[in-house]
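Let's walk through this model together, starting with one chain as a whole and then moving to some details of another. Keep the viewer open as you read.

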Amino acid sequence: MSDAGPLLTLLRRIRRRLRLWMAVEGAVAGAAAGAVALAGAVTALRVAGHAVGLARPLALLAGAVAVGALIRAARRIPLASCARFADAALDRQDRVLSAFCLHGDQSPLARALMQDAVERTRTLAPGSAVAPRRPKGLPALAIGALVLGAAAIVPVRSRAARMPVVAPPASGVPLAVGTLDVEREEARRAAEAAARLHDERLAALAGELQRTLRRLAAGQLSDGDALEKLSALQREAAQAAAEAARDANAFEAAKKALEGEAATRGAGEMLSAEDADAARARAALGSAAAENPTETGRALSAAARGVASALGAPAEDGDKNPRRLQREGDGKNGQDGASADKPRDAERRLERLQRDLGDAASACRDGDPSCKSRAEKSGGDLGQMGGRGASAESLRQLERALRQMRDRLGRGEMRSGDQQAMRSFERAARGENGQSGQQGGQGQQQGQQNDGQQGDGVGTGEGSGQGQGDSVAEGEQSGGGESGKGSDGKGSDGKGGKGSDGKGKASGNGKEGEGAGAAEGIAMLGERKTVESTASNAPGEGQGNGAGGPPLGQRGDMQTRGHETEARVANGAGPNRAEVIGGAADRGFAQHGYARVFADYQAAVEDALATTAVPEGRRYVVRRYFDLIRPRTGKSTGNSAGSTGRTGRTGGR
Amino acid sequence: MTAPADRVSSNDVATAAVAAFRADLDRLLAEIARRMVGQNEIAGSVASALLAGGHVLLEGVPGLGKTLLVRTLAETLELSFSRIQFTPDLMPADVLGTNLIVESAQPGEASRRFEFQRGPIFAHIVLADEINRATPKTQSALLEAMQEQSVTVGKQTYPLPPPFFVLATQNPIEMEGTYPLPEAQLDRFTFKLRVEPPAREELHAILERTTGSDEPAVRPVLGRERLLEMRALVRQVPVARPVQDYAVRLVEATHPTRSPVAEVKRFVRYGSSPRGAQAVMLAAKIEALRDGRFAPSFADVRRVALPALRHRVLLNFDGEAEGVTADALVSAVLAGLPEMA
């Protein structure tokens, strides 16, 4: 055995002891990690409703302890590290380490070193070199035990709570019997009117409405689909009503023109008759042209002017709605393009009628043989136009019925039971139960949007909002519009609907020829949809009383060019003197910080020059150097001159 | 293979050699302490540099006993001593020597010939007092002598008598009219020692010794031969690889490109040369022998790192402007470097 034998034996014993302690530390660390992981698993199992026994967690914990101990104990421990432990137990002079590292060296001093180390470690026990110590992972183990204990007392979730939640079907539910009676009656009336007036468009709308009602009642149509369908029908009905109203105006003008001449008065009265049709009007006007072509031509010419005036004048209420609805429906479905073309068709039809009337009038005035045939054709066209105009009121009533049905469906009033109760609760929670207030709020909101494109919320109470519009129509219903000024609803032309429907006063202008009618009434039933006419630019007056949105609009709505940045600042992280000087050199000695540093240096230089015997030539060099690196401002010329002067004075001192 | 009996005998010899080294060194330092008051650590470092075969640069304000220390050391060592007062007009020939024309007294020989007149550097211990007052040209005259222990004049090289030991002094505050030592010159000094003012009690002792009628006398305690033996023993001291590795990493850590210490990266322009590592290792060996040990420890390396490396760490502009000292940087390296890699 060599001289190093005892020393190596000691180091190996120290290594075994070290390995033992490392295994203990590994076990503690493994137990801590295992406890934390086990806590997570136990928590998950208990939340899921599974019972957790004792044996399995204990086995897992024991496994974690064993794995941790093995991992740490298996780590390589060099004997040099063991020598450090031995030296620490001796006098920290690295005798054992040096002897271990030099145990192959045969020089006298190395052998003496080995002998010295062996002598000194003869009485050294491995236990004193590697003293028992508290494992490092004990705090972590304590935390893991606490977490595991907390996980063990997590309440188990009940079976009922674990039952999957079944979502209600999204499709429609059959409606209660009698829910759609009103709408069915409206559809039936529209169908009768279509049959009576021979209006195919009205008939198609009525048929589509009846089909929709049937599918909705049978539960084949969800509320959402039904709302879309009703919206499309309403849009189409409103457009048809507007065209019919235009035709009616033109027809009225032509009829009056014909009644103005004696020769064609009979034809005019024929057109006014309840049972007038195109054939009879055609025959009456043809006979008038045959008997008195001159007067007939004059009457036809006047009729053409009347049609022209109706063509150029704005339509009645129906003239606004189609445009508005058209905008609302942009992009919603593919029918919008076709719907947009229909008003132009109606205009072209009226233009063609005007042109035909003019041609017939010219032919009759000139004694053209075609006068009679042209007059007959014009009479037939006028008769057809009168028929179309007669259906305007029916179309308007259908459109109103569609709108009301859509509102009822949207509010959930057609549903019974829990769903209806839930929807009522939701409306109440949103403050939508009271119908009053919505209109005004909406009106005010529209006003704000017109002004500043801000505010996406519910309209606010005060303010001179620009909201206006169809609230007048509701005033017509519940106020004096209908009962006071006639049943034809003159108030419907009114503008300037008060935003506050609860107390709003709707002053409306009467229809042409009726004089200005003041429809004053209390719009008790102001409805949300009627306010949509605010899209027209007629100004409103009054006050809204709805809840207001933020005055500057919702956060994020405003498009700005600014952006937020976060500046990170560390205390005491300013430039040091070296950076100040270096930066000043880069920037031509024109830094504020450099000026302060320079003042310190210059003062020190002046002190040194004043107290030291420096040759005059050296003084000049020093001062010249500091003059060159002086702090500069924008006025370099002036500073340079000043510095030079100062240098000269100082140098002469 | 060596027999056990031989091994025992050899171990005893080595142990006795180390003990003798320790005793002689202690005797030397004790003799110096008879005249010098308080500067025990400086004296010990000077002796270490002497035994390591290096040179020492002493820095301190005037009056702290730098010159006295060197004179005392020379007196205790039975070695030749010369003192050179460096001044701005000192020339290299004044230090090294020069060739002079001499007349021959022998008939038949050439009447005149050149003969080299040795300068004051031809001594065992040379005191270069206020070395930074001479011009760089004169300072450089010491380069060859300090590193190669020889002097070349013309085409002739003259070896210097071993042991050759240069002790240079400089004043850190009087910078006017001085020439800072070039880096090559600084690197040739094993240690740069800072001589601090004495404490109050030490000052009392100085007054008592120097203002009385009796001036303490010192006697030679070590001869030239013994000194060379001690030098040889230092070279035989083995070093464990981890300790040597620590010294190497220590020197590496003074380089801004390789240092793990942030301050070094920021403030150092150049780190220590390999001469710094040599100085650290030799000085650590001497520290071990002074302590009666056979191999240096990590603590020995740490103890000698500051005087061996402080003059080899060159600061950059940032370091100069911030007032950072090389001592602080070496201390930061010592604090941040683990002993075992």
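**Chain A: overview and confidence**

Chain A comes to 26 helices and 0 strands, where helices (H or I, at least four residues) and strands (E, at least two) are DSSP runs, numbered from the N terminus. This is a predicted model, in which local features need pLDDT of at least 70, side-chain atom pairs count only at pLDDT 80 or more, and totals for chains, interfaces and linings use all residues. Residues are numbered from 1 along each chain as its sequence is written, while chains are lettered from A and ligands numbered from 1 in the order in which they are written.

Of the 653 residues in chain A, 36% are buried; a residue is buried if 20 or more other C-beta atoms lie within 10 Å of its own, exposed if 12 or fewer, and partly exposed in between, with C-beta atoms placed from the backbone. Taking the contacts in chain A with a separation of 6 or more, 73% are between residues 24 or more positions apart. Here two residues are in contact if their C-beta atoms, placed from the backbone, lie within 7 Å.

How far does the predictor trust this chain? The mean pLDDT (the predictor's confidence in each residue, from 0 to 100) of chain A is 70, and 62% of its residues reach 70 or more. In chain A, pLDDT is below 50 over residues 433-540, a stretch that has 262 contacts in the model beyond near neighbours in sequence. Residues 634-653 of chain A are also below 50, and that stretch has 11 such contacts.

**Chain B: a sheet**

Now turn to chain B, where 5 strands form an open sheet with parallel pairing, in the order β2-β5-β8-β1-β9. Strands β2 (81-85) and β9 (191-194) of chain B stand at the edges with a single partner strand each, so one side of each has no neighbour in the sheet. On average, neighbouring strands of this sheet are turned by 20 degrees against each other, direction ignored.

Strand β1 (residues 56-59) of chain B pairs with β9(B) in the parallel sense over 4 bridges; two strands pair if DSSP finds at least two bridges between them. Within this pair, B:L58 has B:L193 in β9(B) as its bridge partner.

Conventions. Axes are lines fitted to C-alpha atoms, for helices over the stretch in contact, and angles run from 0 to 180 degrees between N-to-C directions.
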